[in-house]
Amino acid sequence: MTDLVIAFTLNGRLREVRTPAHRTLLDVLRDDLGVLEVKEGCGEGVCGTCTVLLDGEPVSSCLVLAPRAAGRRITTVRGLGDGDALHPLQEAFVAHGAAQCGFCIPGMILTACAFLEEHPAPSRDEIRQAIAGNLCRCTGYTKIIDAIASVAGRKTRG
Amino acid sequence: MPAVPFEYHAPATLEEAIALLREHGDEAKPLAGGQSLVPLLTLRLARPAVLVDLNHLEELRAVRREGDALWIGALVRHRALERGEGALRACPLLQDAAALIGNVRVRALGTIGGSLAHADPAAELPAVVQALDGTVALRGPQGERQVPAGDFFVGALTTALGPAEVIVGVRLPVLGPGVGYAVEEFSRRAGDFAVVAAVAVVELRSPGEIARVRVALAGVGSTPRRLPGVEAALAGQRPDAETLRRAAGGAAGEVDPDGDAHASASYRRHLARVLTARALERAAAMAARRKTA
C-alpha cells in the first residue's frame with residue numbers, strides 16, 4: 001500500500017502527513033502529530049472523547065479515515081482560545097468545576113462550542129440533548145450543563 | 001485496532017467509481033460517510049482489499065424539487081436533512097427522522113445513500129423511504145435503474161444493489177397540504193439504534209375523513225415493514241384518537257419480530273402497537289393543521 005500525503009489545517013496551521021489510507025484521523029493526530037488533547041475512548045464513534053471540529057462541525061476523529069481529512073479545517077480544544085486566553089467555554093468549565101478526570105472534556109467543549117454557534121440561547125433540555133453523544137463517567141453532567149448554560153448566558157431559558 | 005490495510009481510490013466521476021467497483025468485485029467497498037463502514041473496518045468485521053471513496057462525486061450531492069417529487073442525492077448528509085433547508089422543506093418528515101439518527105457526529109458525516117445501502121433493520125431513513133413509497137436510483141455497469149423501496153430492502157443489511165452498483169439518490173413524494181407525518185421511536189440509551197421506530201403519514205380527504213394512511217416500522221423484522229392491515233383499516237375512517245388507536249392495535253399482529261439481547265419478541269410487538277398509535281395520532285393532528293395552511 002503506498003502512502004498518501006495529506007495536508008489539512010490544524011488549529012489554523014497547515015500540517016502535512018504521510019500515511020497509509022487505512023489509518024484514521026485520530027491515529028494521525030495522536031501518533032503522527034502528537035495532538036494528545038484528542039482522546040481515544042471507544043474507537044467506535046460512540047463516546048465522543050475523540051471529537052474534533054471538521055470545517056466547524058463535530059465529528060468522531062476515530063471514524064474519519066485519514067484521506068477524508070485532506071484539505072479540511074480541523075479544530076481541537078487547543079484551537080478554541082486566543083493565544084494564552086481561554087475560550088469563554090473553557091473559562092466556564094473551570095469556573096463551574098465541570099471537569100473531574102477530564103478525559104471527556106475536550107470533546108465535550110468542542111461539541112458545546114459548535115452547538116452554541118448554531119443555538120446561542122438554548123434551554124437546559126436542549127443543552128442536554130446537544131451533549132447526549134458525549135459520555136462522561138465522572139460528573140453526572142450537572143456541572144457540565146451548568147457551565148454550558150452560563151456561556152449561553154442570560155438569554156438561557158428554563 | 002487499525003483497519004486491515006487497503007488500496008484507496010478517490011474517483012472524480014461516477015463512471016470511474018463504477019469501473020473500479022466492477023474491476024475489484026467482492027474485494028471492493030464503496031465509502032460514503034463511513035459512520036457504519038469505518039467501525040466495521042476497525043473492528044475488522046469488514047476487510048476489503050480496495051476502498052472506493054465516493055465523496056468526490058459532486059453529482060451525488062444534489063437536492064432538487066422535481067414536480068411532486070423531491071430528489072435527494074446519495075451523498076446528502078443527515079445534518080442537511082435535519083436542518084431541512086431549501087428544497088428539503090418539501091419533505092419535512094426527513095427533518096424529524098434525521099434528528100433521531102445516532103449522535104450529532106454521526107449526522108455530520110453519515111449520508112442518506114449510505115444509510116439505505118447499509119440497510120440496518122432498525123435505521124430510521126430506510127423506514128421513511130419505505131413509508132413514503134420512495135424510489136431508490138441505482139447506477140451500475142448496465143446503466144441506471146429505479147427500484148421501489150418495497151423491492152430495495154431484501155433482508156437485514158441486504159439490498160437489491162447488484163455488483164458494482166451504487167445508489168445515486170432517492171425520490172420521495174412532496175408532502176402537500178392535508179398530509180401529516182410523525183416519527184416515534186424507543187431506544188434504551190441516547191444515540192442507540194431504535195428498538196422499534198414507527199413512521200406514519202396520514203392524508204386527510206376532509207377534516208373528518210382519512211384518505212390514506214401509510215405506516216412503516218423499523219426494528220420488527222429484517223427490513224422496514226409496512227402495515228397493510230392498519231393502513232386498510234383506516235382508509236375512509238374518521239381521524240379521531242379512538243379510531244386511530246384501535247387500528248394501531250392491529251400492528252402487533254402484523255409483525256413477527258425476533259427477540260434478541262435488546263428486547264424480546266413480545267416487547268417489540270408491544271412497542272409496534274404503542275408507537276404506531278402515537279405516530280398516527282400526531283400525524284393526524286398535523287394533517288388537520290396543514291389542511292388549513
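## Nonpolar cores

In this predicted model, the largest nonpolar core has 42 residues. The residues with the most contacts inside this core are Ile72(B), Leu81(B), Leu93(B), Leu94(B) and Leu116(B). Helix 7 of chain B, which covers residues 124-131, gives the most to the core, with five residues. Both domain 2 (60-173) and domain 3 (179-292) of chain B give residues to this core, so the core lies between them.

Ile72(B) can be followed through its contacts. Leaving aside neighbours within four places in sequence, Ile72(B) is in contact with Ala62(B), Leu81(B), Leu88(B), Leu94(B), Ile112(B), Gly169(B), Val170(B) and Leu172(B).

## Domains of chain B

Chain B is divided into domain 1 (7-52), domain 2 (60-173) and domain 3 (179-292). The centres of domain 2 and domain 3 of chain B, taken over C-alpha atoms, are separated by 20 Å. Their contact takes 23 residues from domain 2 of chain B and 19 residues from domain 3 of chain B.

## A five-stranded sheet in chain B

In chain B, five strands form an open sheet with antiparallel pairing, in the order 4-5-10-6-7. Strand 4 (63-66) and strand 7 (143-148) of chain B are the edge strands, since each pairs on one side only. From one strand to the next, the twist averages 25 degrees.

How many bridges join strand 6 of chain B to strand 7 of chain B? Strand 6, residues 135-140, is joined to strand 7 by six bridges, and the two strands run antiparallel. One pairing can be named: Gly140(B) has Gly143(B), in strand 7 of chain B, as its bridge partner.

Asp133(B) lies in the loop between helix 7 and strand 6 of chain B. Asp133(B) is not a glycine, yet its phi is positive, at about 50 degrees. Asp133(B) is partly exposed, with a relative accessible area of 43%.

## Helix 1 and the strands of chain A

Helix 1 of chain A spans residues 25-32, and Leu25(A), Leu26(A), Asp27(A), Val28(A) and Leu29(A) in this helix are buried. Against which strands do the buried residues of helix 1 of chain A pack? They pack against strand 1, strand 2, strand 3 (51-54) and strand 5 (73-75) of chain A. After helix 1 of chain A comes Gly34(A), which has a positive phi near 65 degrees.

The loop between strand 1 (4-10) and strand 2 (13-19) of chain A holds Asn11(A). Phi of Asn11(A) is near 50 degrees, which is a positive value in a residue other than glycine. With 31% relative accessibility, Asn11(A) counts as partly exposed.

Is Leu14(A) buried or exposed? Leu14(A) lies in strand 2 of chain A and is exposed, with a relative accessible area of 66%. Not counting residues up to four places away in sequence, Leu14(A) touches Phe8(A) and Thr9(A). Leu14(A) and Val46(A) are 32 residues apart in sequence, and their C-alpha atoms are 29 Å apart in space.

Pro58(A) lies in strand 4 of chain A, residues 57-60, and counts as buried at 6% relative accessibility. Pro58(A) touches residues of chain A, including Thr51(A), Val52(A), Leu53(A), Thr111(A) and Ala114(A). Pro58(A) also touches Val104(B), Arg105(B) and Ala108(B); residues up to four places away in sequence are not counted. Pro58(A) and Gly45(A) are 13 residues apart along the chain, and 11 Å separate their C-alpha atoms.

A disulfide is a covalent bond between the sulfur atoms of two cysteines. Over all chains, the count of disulfides is zero. Cys136(A) is in no disulfide, and its nearest cysteine sulfur, that of Cys104(A), is 3.8 Å away. Cys136(A) is buried, with a relative accessible area of 6%.

Cys138(A) is likewise in no disulfide; the nearest cysteine sulfur is that of Cys101(A), 3.8 Å away. Cys138(A) is partly exposed, with a relative accessible area of 34%.

Notes. Residues numbered from 1 in each chain as written. Chains lettered and ligands numbered in written order. Predicted model: local features only at pLDDT ≥ 70, side-chain atom pairs only at ≥ 80, totals over all residues. Heavy atoms only, no water. Disulfide = S-S within 2.5 Å. Buried < 20%, exposed > 50% of the residue type's maximum accessible area, 1.4 Å probe, protein only. Core = buried A, V, L, I, M, F, W, Y, C linked by side-chain atoms within 4.5 Å. Helix = DSSP H or I, 4+ residues; strand = E, 2+ residues; numbered from the N terminus. Domains from an automatic or database assignment. Contact = heavy atoms within 4.5 Å. Pairing = 2+ DSSP bridges. Axes fitted to C-alpha atoms, helices over the stretch in contact; angles between N-to-C directions.
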